[in-house]
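Trainee: I am new to this structure. Could you take me through it, one question at a time?

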Amino acid sequence: MTKVLMDGNSAIGEAAIRSGCQCYFGYPITPQNELTEYMATHLSRKKGCSFIQAESEIAAINMVFGASLAGVRVMTSSSSPGISLKQEGISYLAACELPAVIVNMSRGGPGLGSISASQADYFQATRGGGHGDYRTIVLAPSSVQELADLTYKAFDLADKYKMPVIILGDGMLGQMMEPVEFHHEAPEELPIRSDALRGAKGRPSKIIKTFTSNPATLEEINWSLLRRYQVIKQKETTFETFMVDDARLILVAFGIAARIAKGAIKSARAEGLKVGLLRPTTLWPFPGVIVKELTKKVKHFLVFELNMGQMLEDVQLVSEGRAEVSFYGRTGGVIPAPSEVFRILSRLYYQKGLK
Amino acid sequence: MKKIYTRPKSLKRTPFHYCPGCGHSIVHRIMTELIDEMALQDKIIGIPPPGCSVFAYNYFDIDMAESAHGRGAAVATGLKRAFPEAIVFTYQGDGDLAAIGTAETIHAANRGENITAIFINNAVYGMTGGQMAPTTLTGQKTTTTPYGRNENIEGYPIKMSEILAIVKGSVYIERVAVNSPNNIRKVKKAIRKAFQVQIDNLGFALVEILSPCPVNWKMNPLESWQWINKVMIKEFPLGVIKDITGKKDAH
C-alpha cells in the first residue's frame, strides 16, 4: 500500500476501522473533531457498525462500556476536559475488565484551558485517572504514522489484557498532516470476544459488575488486577533511544515534545555536544528499566515536557539519585521551537562541565 | 394435581434482600414471569444501575451488567447497537433515571433507541437511606427534606414520563403502580407491551412503576399501598401516557 497524506485524527480513525473497530461513540471537542467526523463518514454506514454522536462525554464512554459488554471492538476519543468527564466510565471499564480504546488529543489546562497542544494530562493518564486502584495502558505516539501503528496495537493490547488503553496524543499530532501507510486491511468479519455478554444461550447466565459487598472479595479483585499490571510492566514497556551510546546528557521526552527534542539534539550534535534522547512510547508502564540502565554511565538527564513537570517525577523516581535530573517545560499550549530547546540543553551541557 | 403457581424459571432461588413490603420483589417476579412466557431468557440482557435494585442480578437468571449511576440508558444504547439481536432493558430508580441520568435517558429516547426502561418511582433514594428524590412529593418528609419538600427551595416533583412522552423518539410510555392485585396485573400487561415494542423494533419504551418504600416512608406495607393511592397517584396519574405503536410513524 502506498502512503497517503492525512491528519493525525483521521489516521487514527482509518487505523481503528482496519483494526476491526465496530462501534465509535464521541462528542465534539477541539482539537480532535476530525476523528469523530472521520468515523461519522467512514464507520457509521458500514455494515454491522455503529456511530453515535452522544449527548456528552459521559454518555459516550458509557456507550463504549455497553458495546464492550457485547464483545465488540469499540473506541471513543476526546480532549482533556472531555477526558476528565470520561474518567468515571474508564474506572468502571477497568473494574469490569472490559477492553476499550480511548484517545486523548490533549490540550492546555486546567479548566477549559486552551485548544493548543499540551502534555498536561500525563498524571491523569498514567495514574489511572478516575477513582480506585487501577491502571490503564498509555501509548504515546509522536508522528501520524505512529498514531496509526499504535491504534492497531491499542486494540490488541486492550483485548489481550482486558482493560482500557489510552492513546495520549496532543492537539498538534491530531491536527498535523503527514504521509502515513496503513499496514492492515480491515477484517472480513468483525471480531467478537468469547467472554461477551450476549444472552444466556447454551451456558449459565452471567453477571458483569463492580459492586462488591464483601471488602475481602474486592481486595482479591484488586490483587488480581495488580498481578495483571505487573505482567504488563514486564512485557509491554516500549521506548525509543536516539544517539544515546556516547551521550553525556540525555533528554527524556515523549510525544510531540520528543519530535522537538530530536531537532534540538541534531543541532547540538552538529556543534559536537554529546546528547541523546530517550523517548518512552508507553507512558504506563513507564520504561524505568532503561532509565536505570542509562544512569549507569550517564549522570545528567534533562526532562522536556509540554507541562510543568509530570513525567519528570517518574524519571526522578527510577533514577534514585544516581543521576542529576533537570527539567524544562512549556505549558498552557505554548509549543517551543527546537532552537529554544537547543539553547536550554547546550546551556546545561556547559554549566555541568560536560564539554 | 395441576400446578397453578410456581417460581418462574428465570428467577433464581435466592431469597430477596429487599425490605418487607418493597415493590422491587413484586416487579422482579412479574418480569421473570414475562421473560419465561415470552421465551426471552437466552436473549435478554438487563442493566441495573446503583440503587437498591443494583442487586437485581442476584435474582434474574439472565445475563446482566451493572452500569454506573444514571448511565443505564447509555450502556443499554451501546450494548444494543453492538448486538441488536439482544433484548435490552434497564431497571432504574427515580434518583438514577430522573436526576443523575436525566440526560442519558432523554437522549436515548430521542434517538429512538430500541431499548426498554423499567422505571421504579418510590419518591425517595432508597439505598442511601431515604433522601429526597427528584420525584419526592411536595411536603413529603425525607432525611434531606426534614421539614417537608418545599417547592420554593427544593423544586417540584419531576414527571419524567410526561417529559419523555413529548420526545419524538419514544414510542410507548405507561405509568402503573404495584399497590393492589388489580394494579399488579396492569404492571405485567404494561411491561409485556414494552418488551413487545422492542421485539418489534419500534423504538424506546418506558414503564414507570409507582412502588412502595415502607421503610423510608416510615409506614407499614399496607399504609404505603394506601399512600400510593391517596397521595402519589394525585401527582403521578396512572395510565398510558404515550402509545404510537399502531401508527405509521412509530420508529
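Mentor: Start with a definition: two strands pair if DSSP finds at least two bridges between them. Helices (H or I, at least four residues) and strands (E, at least two) are DSSP runs, numbered from the N terminus. This is a predicted model, where local features need pLDDT of at least 70, side-chain atom pairs count only at pLDDT 80 or more, and totals for chains, interfaces and linings use all residues. Residues are numbered from 1 along each chain as its sequence is written, while chains are lettered from A and ligands numbered from 1 in the order in which they are written.

Trainee: Which strand of chain B is joined to S9(A)?

Mentor: Look for bridges. There are 2 of them, and the strands run parallel. A:Ile208 stands opposite B:Ala65. The partner of S9(A) is strand S2 (residues 63–65) of chain B.

Trainee: Which element gives the most to the side of chain A that touches chain B?

Mentor: Contact means that C-beta atoms, placed from the backbone, lie within 7 Å. By that rule, 33 residues of chain A meet 29 residues of chain B. Elements supplying at least two residues on the chain A side include strand S2 (21–26), helix H3 (57–69) and helix H4 (80–96) of chain A. With 9 residues, the top contributor is H3(A).

Trainee: How many residues of domain 1 of chain A are in contact with domain 2 of chain A?

Mentor: Domain bounds come from an automatic or database domain assignment. Domain 1 covers 4–186 + 209–235 of chain A, and domain 2 covers 239–351. Their centres, taken over C-alpha atoms, are 27 Å apart. On the domain 2 side 23 residues take part; on the domain 1 side, 27 residues.

Trainee: Within what arc do the buried residues of H11(A) fall?

Mentor: Buried means 20 or more other C-beta atoms within 10 Å of the residue's own, all placed from the backbone. In helix H11 (residues 311–319) of chain A, these are A:Met311, A:Leu312, A:Asp314, A:Val315 and A:Ser319. The arc is that of the directions from the helix axis to the C-beta atoms. These residues line one face of the helix, because they fall within an arc of 165 degrees.

Definitions and conventions: Contact = placed C-beta atoms within 7 Å. Buried ≥ 20, exposed ≤ 12 C-beta atoms within 10 Å, placed from the backbone.
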